[in-house]
Every structure is written in C-alpha cells, then in structure tokens.
Amino acid sequence: MKRIPRCFTEAPELDSTMSTEAVRERHALLINPFYAKDSHASFGKHVLTPTLALTSIAGATPANWTVEYWDENLLQGPPPHTPFPQVVGITVHLTFAKRAYELAKWYRERGAIVVLGGLHVLSCPEEVRPHADILAVGEGVMAWREIIADIERGAARDHYIGSFREPYADEPPPRRELVPKCSFLTTTSLNATRGCHSRCGFCYLSTKGLHMPYQTLPPEQVVDQWQADESPCAVFTDNNLGSKPEYLRQLCFALRPLEKIWSAAVSVDVADDPSVVREMALAGCTGVFVGFESLSNDNIRDQNKRSPNTSTYAERVKTFHDHGIQVNGSFVLGFDHDDESVFDRTIAWVEEQQLECATFHLLTPYPGTPLFAQMESENRLLHRDWNRYDTAHVVFQPKRMTVEQLQAGYEHCYERLFSAPSIWRRRPDDWRSVPAYLAMSYLYKKSNWYWHLLIQNRLTHLAWLPLVEFTRRRHVQFRKRLETTSTIGRSSSVVSAGV
C-alpha cells in the first residue's frame, strides 16, 4: 500500500462533548461529507471542481434564509456549528454513507433538523431513514423548496419525493459564490444536460426507481451561468454532454464567442460526426472524459451499453486528437469476460493511442442496479461494507480470476500509467506541446505527495491558474488556425479532462 496522508483516509473528528449556541432560525448548512481517497489515483481530481448538488440546493433556498456550504474534502476540519443551523442538508452517497450518518447524529443531538438526500437515499431508503428527520428522495432541488416551506410552517413531513420530470430549465442557477474559489481548479462546474441515452447495467443511472429523462438547458442559460462565475475555464459534469449531438453543436455555437476553455464527459459515439468534434474544439473544448469501459465487445454487450464496436475506438480517439482535444479514457476492470490479460492489454492500448490520461475502476455493483441484482442472485457479493464500494476495492467474486489477482491488476494499471516511462510514451507528437503536457501530467498525476498541502492551505487554484491561463491563450490561437483547415493534428492542453 502506498503512503497516503492521514487526512485523505480519515474524516475529521467530531467533538462529542461540544455544546452549541441556540439554533438560528432560517439558517441552513449544506454538507458534502468526507470520503477516503484512493492511494493509487490522483488526489488532484478531487479538487478539480465542486459538486453541483449542494450549490443547486442553495440556489433553491428562499432569499430570507442564510446558507453555508461545507465540503469536508477540502481538509479544513469538521463542518461549522456557529451560528448553529436550523436545518442541515447532507448529501448521501454509497461510499460516505457512514460519515453522513455520523454528521447527522451530531447535528440532530444538538437541535438541528437534518435532511438527507442523494442517490443512496433512493437506493437504500430503509437503511437511511433512522438517521434523518427528513428524507429527500429523487430530484433534490424541487423537493428542497417544499421542505423549507413546510419547515417554516411547522408542518414538515418525514419524506419528500422530487421528480426529475420537472422542466430542467426552470431550476434556479447554482449559488457558486458559496464555494471557496481558492480551493478548486475552477468553481465553474456546469450541467447543460441531465440524464444519458444509455442504461448500462453497472451505472448508478440504472438504479431501480431512478427515472431521469434526458433534458437540456437553453444554451444561453449555460452561457449566463459561466459568465456570472467569471472563470476562464469550466468543467461540464453532465453524465454525457453528447447524448444529443445537435444540441451539443448549438451549445458550442453559444460558447464560441467567450474565448474560454472547458472539458466534458462524452460517450465515444460523439465522434461519429467529426464536424461536431470540430465545433467542440472551436468552442474551447480542450479535453474529454470518455467511458470506453472495456475493449471487449462481449463486456459492452453484457452491460447493455450503447456503444460502437470497440475496434473503432482508436479511430475515434484520433478524431479527438486531430482537433486538439485530449482524451481521458475511463476503463472498468473485472467484467465477466476479463481475465488476467486485461490489465496489460488495456494499458498497452492506452499508450498506443497516446491517451493523455486514463481512469481505472474496479467493477462495482451499486445497490439497486441490474449488476447488483445479478451478483446477489449468483451469491458473488463478498460483503456490504459500503465504504469499500468505491471502485478501488474488489467487493465481488470475479469469474475468470481471483479477488487478489483483480485487485493487484487494478493497482498495476495505475502504477504503470503514472510512471515516468508511460507518461513519456504518451507525449504529443508536436514537440512544442510536450512541455505543457508534462506540466499537466506531473502536477495532476505525479504530485500526490504534496496535494494535501495545496488543499489544506487553499492553494489549489493558485497552483493551477498559470497553467489554465497559458492554455486558454494558447487555445485561442489554436482555434484561429483550426478555422482555416479541417483538422490540425494532435495538440495538447494542460487542463486535465478528469471530470
């Protein structure tokens, strides 16, 4: 096991003896709980951009309320208690459910009304129920408005259901000003769309009871949100920004005049039409996070993923590279058709295609998904310790290798990807792009030993800012050249696509 600072593995201590002042009415505290970090991945990815969930909830809070935002993963200690909040909203996900319950207990014992929401509330409501005064199930923004109104009337229920079928464009914009800008690469995390055209068996979007039709925001609303945050770069945290290529094209037309840069998660089939990729580049896209998942067609088919034949992946990577867009490939390890050869085969492909970055995940059966039901029916689940359902620990019995082999193979993939030889093998062909690529690689991938110092001292934004601005200016010039030709060959960006 690699050395990892304690602050990345253990949540800040809650003082059980601490007394608090009287509850301040109409004061809400929104908390993103601590979760343990994977020692093999980059610690930098956790501070690329803040989650939109809580800032969106804040945006739905009435104007006569005060709101605080606290992310325990910024290593500033436990959440605040002065002034003591009337309402505490805590997002609950699988891997930090235990921590969310600890926080809920601490605030409830001192008089706060605790509201728990998030995907784990939907997938495991009976587990979550004893830890909350109020459960917000499903879409949280609309439910939050009703919750706050009922609390003010003294008539709050213990259970609220929010529908993802309400018009997405009607939601208020997130309150990004509550987030400490100094703590993130950029606070401009954007969602232009909601949902995905795929229902992969292992994905949380396939959770039983989750009905999230695909919706889009008018491009001008996206532009207005970005302009309001005054950041030179943004990260689109959509599940799949390219589900509707024509919408993506319209969005790019709206973003193009801003002369800013951005990255996004897209499915590989967005490269079916190179003209869409070209518009992305002209609009400032410097990187994409692509869920390749597997290089085996059998694995893709088993999970009901709508994806092109894996033999075409390399061609699609080239399409992105030809338009100066770097690629962070996402791969899941441990599918039923994977044996021990999957690790070296995947890494070799990543290096051959010169992917600027890759992200590896151990196959993880999330509660409520078809994959979980399959593993449960086959008696292959090893335990239900949700803390370890983090895609970094093996929690099921693989079919074609041992648990130990799968765990070791996952760790091997990261060790090789983050090695100096692998970083060098994946360098851009254009020598002028190599220094920027190396700067990104070493800051994002090879600097885990000092990320906690940057985060604790709120220097993340300051460390990234010169690289971001250099990239933005370089990309503006790149776009001018791209406008005069169909493609321009592989360029680079120093802003990671790890969204």
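Visitor: In this predicted model, which residue of E6 does Leu135 stand opposite?
Guide: The model is a predicted one, and the pairing to look at is that of E5 with strand E6 (residues 159–162), which run in the parallel sense over four bridges. Within that pairing, the residue of E6 that stands opposite Leu135 is His159.

Visitor: Which residue in E5 is the bridge partner of Val115?
Guide: E5 also pairs with strand E4 (residues 113–117), and these two strands run parallel, joined by three bridges. In this pairing, the partner of Val115 in E5 is Ile134.

Visitor: Is strand E5 largely enclosed or largely open?
Guide: Strand E5 covers residues 134–138, and a residue is called buried when its relative accessible area is under 20%. Four of the five residues in E5 are buried, so the rest of the structure leaves this strand largely enclosed.

Visitor: How many residues apart in sequence are the parts that Asp273 and Arg249 tie together?
Guide: The side chains of Asp273 and Arg249 form a salt bridge, with a distance of 3.1 Å from N to O. Because Asp273 lies in the loop between strand E11 and helix H8, whereas Arg249 lies in helix H7, the pair ties together parts whose separation in sequence is 24 residues.

Visitor: Where in the chain does Asp336, the salt-bridge partner of Arg380, lie?
Guide: The salt bridge between Arg380 and Asp336 has an N to O distance of 3.0 Å, and it links distant parts of the chain, 44 residues apart. Arg380 counts as buried at 7% relative accessibility, and Asp336 also counts as buried, at 16%. While Arg380 is in the loop between helix H12 and helix H13, Asp336 is in the loop between strand E13 and helix H11.

Visitor: Which residues are linked with Glu146 in a network of salt bridges?
Guide: Salt bridges in this model come to a count of 32. In the network that contains Glu146, the other linked residues are Asp150, Arg153 and Arg157.

Note on methods:
Residues numbered from 1 in each chain as written. Predicted model: local features only at pLDDT ≥ 70, side-chain atom pairs only at ≥ 80, totals over all residues. Heavy atoms only, no water. Buried < 20%, exposed > 50% of the residue type's maximum accessible area, 1.4 Å probe, protein only. Pairing = 2+ DSSP bridges. Salt bridge = Lys/Arg side-chain N within 4 Å of Asp/Glu carboxyl O.
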